[in-house]
Amino acid sequence: MTYLVAADLPSIPAGTRFRDLLKRPGILPIPGAYCGLAAIQARRAKFEAIYLSGAAMSASMGLPDLGILTIDDVCFFIRQVVRAAQLPVLVDGDTGFGEALNVMNMVRAFEDAGAAAVQIEDQVLPKKCGHLNDKKLIAPKDMAAKIAAAAKARRHLYIVARTDAAADEGIDAAIHRARLYIEAGADAIFPEALTDRDAFEQFAKAIPVPLLANMTEFGRTPFMTAQDFETFGYKMVIWPVSALRMAAKAHADLYESIRNDGGTHRLVERMQTRAELYATIGYHDYEALDSSIITSVTPEGMPQGKTR
């Protein structure tokens with residue numbers, strides 16, 4: 001499948017396809033994919049939707065997750081992962097990049113880039129990762145106004161309202177906020193940084209719309225499975241930065257090995273081969289679309305030299 005052939009592309013709007021996935025029984029697992037290659041790999045692993053994390057996008061650019069990215073920055077990532085995987089993408093919209101008009105502009109830009117859904121959170125700028133301390137929240141009515149603006153601007157985009165209130169204001173306040181956001185037009189609620197099973201269950205009993213759980217590593221939420229969250233009553237679960245964390249650790253190991261060993265020979269067995277990469281990205285499918293390109297022959301193995 002390539003994005004160059006019209007017949008390979010979805011004909012149904014991305015937001016509609018995302019809603020259809022949520023109409024099915026069970027929970028929807030949504031792994032993070034921060035680049036086109038990761039998005040293809042998620043699709044090949046049989047996932048049906050992917051998440052585009054602000055923290056992962058920022059880190060991949062060498063920046064902290066403090067609301068530094070622009071709408072244009074995020075749209076670059078949206079276009080990349082949508083083109084690569086043709087899956088519905090839930091995009092981290094941070095705080096909406098401003099107030100009501102900014103939120104409406106974000107919605108239009110994200111839809112035009114191919115997004116299926118957007119997550120908007122109730123922090124003020126500069127925002128922080130939801131699992132860090134001392135987050136500052138906007139007033140509930142101001143967040144509700146942002147959600148209403150997003151709903152007014154969309155054609156098909158699915159709107160997920162995230163509340164970070166549980167950590168500082170308590171579960172009851174977070175539930176109150178969530179209900180206001182639903183009244184304003186949110187399709188789903190994302191209660192961030194809940195710390196135990198009771199909190200997840202309490203939220204599910206109080207909120208009538210689909211709920212999203214965040215299973216990020218090294219945060220406040222203890223490790224739980226998709227099946228656990230489904231038991232609590234959740235409809236979606238994300239692993240937002242897991243792919244980037246794995247890749248970043250592999251990068252560090254690679255560079256350390258080159259520095260210490262003078263080459264990559266000790267890590268070749270951990271690498272994706274050229275043939276595997278070409279199969280993943282459909283290299284020969286692209287060649288086949290242009291008869292002027294001679295089909296490439298993939299080298300098998302590597303010449304073996306002596307290492308010290």
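Okay, one definition before we start: a residue is buried if its relative accessible area is under 20%. Alanine 193 comes out at 6%, so alanine 193 is buried. And keep in mind throughout that this is a predicted model.

Let's stay with alanine 193 for a moment. You'll find alanine 193 in the loop between S6 and H9. Alanine 193 isn't a glycine, yet it has a positive phi of about 60°. There's another residue like that to look at, aspartate 94, again not a glycine, with a positive phi of about 50°. Aspartate 94 sits in the loop between strand S3, residues 89–92, and H5. Buried or exposed, for aspartate 94? Its relative accessible area is 8%, so aspartate 94 is buried.

From there, go along to helix H5, residues 100–113, which is where glutamate 111 is placed. What does the side chain of glutamate 111 have 2.8 Å from one of its polar atoms? That would be the backbone nitrogen of leucine 157. If you skip the neighbours within four places in sequence, glutamate 111 is in contact with Arg154, Arg155, His156 and Leu157.

Now helix H9, residues 197–206. Its buried residues are Ala199, Phe200, Phe203, Ala204 and Ala206. What do those buried residues pack against? On the strand side, S5 (158–163), S6 (188–191) and S7 (212–214), and on the helix side, H8 (171–184) and H10 (226–232). The N-terminal end of H9 is capped by aspartate 196, with a side-chain oxygen 3.1 Å from the backbone nitrogen of aspartate 198.

Phe200 turns up again when we get to the aromatics. Ring pairs join Phe200 with Phe229, Phe232 and Tyr234 in a cluster. How many aromatic pairs does the structure hold? Nine. Take tyrosine 278 and tyrosine 283: the ring centres are 4.1 Å apart and the planes are at 15°, so that pair is stacked. Tyrosine 278 has a relative accessible area of 15%, so it's buried, while tyrosine 283, at 30% relative accessibility, counts as partly exposed.

Arginine 83 puts its charged end over the ring of tyrosine 3, 5.5 Å from the ring's centre. Arginine 162 lies over the face of phenylalanine 190, also with 5.5 Å to the ring centre.

One more arginine, then the pocket. Threonine 216 is in the loop between S7 and H10, and at 7% relative accessibility it counts as buried. Its side chain makes a polar contact, at 3.3 Å, with the side chain of arginine 245.

The largest pocket has about 740 Å³ of space in it. It is lined by 20 residues, and the closest to its centre are Leu37, Gln41, Ala247, Ala250 and His251. Which elements give two or more residues to that lining? Helix H2, residues 36–44, and helix H11, residues 242–261. H11 gives the most, with six residues.

Definitions and conventions. Residues numbered from 1 in each chain as written. Predicted model: local features only at pLDDT ≥ 70, side-chain atom pairs only at ≥ 80, totals over all residues. Heavy atoms only, no water. Phe/Tyr/Trp six-rings, centres within 6.5 Å; stacked < 30°, edge-to-face > 60°. Buried < 20%, exposed > 50% of the residue type's maximum accessible area, 1.4 Å probe, protein only. Lys NZ or Arg CZ within 6 Å of the ring centre and 35° of its normal. Helix = DSSP H or I, 4+ residues; strand = E, 2+ residues; numbered from the N terminus. Polar contact = N/O pair within 3.5 Å; in protein donor to acceptor, adjacent residues only side chain to side chain. Contact = heavy atoms within 4.5 Å. 1 Å grid on protein atoms, 1.4 Å probe; cavity = no way out; pocket = protein on both sides within 12 Å on 5 of 7 lines; lining within 4 Å. Points joined across faces, edges and corners; volume = space filled by probe spheres on them.
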